[in-house]
Amino acid sequence: MTKYRVKVDLMLCQGHGVCTEECPEVFKVIDMGTGYPKVSLTTENPAEELRSKVQDAVDYCPNRTLSIVEID
Ligand code: SF4
């Protein structure tokens, strides 16, 4: 069965929080003391049942910070 993991490019993240609105089970936005708040993952390997919500977060992130990587 194919699984997936979530990849984050923190350099691109500006803490808009769209990802949290789409899938709060996986995405949190936290203040790291670096100027912008940044996304933090509750898990890199979300459940298959969350895939459509994770995909929405990927698609709607305004900075193209997130991606899904398929794992065999
Ligand atoms: S991952 Fe995208 S939507 Fe989420 S906080 Fe970062 S820039 Fe905003």
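Predicted model: local features only at pLDDT ≥ 70, side-chain atom pairs only at ≥ 80, totals over all residues.
The largest cavity has a volume of about 90 Å³, volume being the space filled by probe spheres set on the points, which are joined across faces, edges and corners.

Its lining comprises 13 residues, with Cys13, His16, Gly17, Cys19 and Cys61 nearest the centre of the cavity; lining residues have an atom within 4 Å of a point. Eight of the lining residues are nonpolar, five are polar and none is charged. In this scheme Ala, Val, Leu, Ile, Met, Phe, Trp, Tyr, Cys and Pro are nonpolar, Asp, Glu, Lys and Arg charged, and the others, Gly among them, polar.

## The loop between α2 and β4

Asn63 lies in the loop between α2 (51–60) and β4 (66–71); helices (H or I, at least four residues) and strands (E, at least two) are DSSP runs, numbered from the N terminus. A polar atom of the Asn63 side chain is 2.7 Å from the backbone oxygen of Leu12. Beyond its neighbours within four places in sequence, Asn63 contacts Leu12, Gln14 and His16 (heavy atoms within 4.5 Å).

Thr65 is also found in the loop between α2 and β4. Thr65 counts as buried because its relative accessibility is 5%, buried meaning under 20% relative accessible area (1.4 Å probe, protein chains only). Residues up to four places away in sequence aside, Thr65 touches Lys7, Val8, Asp9, Leu12 and Cys13.

## Basis of the values

Residues are numbered from 1 along each chain as its sequence is written, and side-chain values use heavy atoms, with hydrogens and water left out. Local features need pLDDT of at least 70 and side-chain atom pairs count only at pLDDT 80 or more, whereas totals for chains, interfaces and linings use all residues.

Notes
1 Å grid on protein atoms, 1.4 Å probe; cavity = no way out; pocket = protein on both sides within 12 Å on 5 of 7 lines; lining within 4 Å. Polar contact = N/O pair within 3.5 Å; in protein donor to acceptor, adjacent residues only side chain to side chain. Buried < 20%, exposed > 50% of the residue type's maximum accessible area, 1.4 Å probe, protein only.
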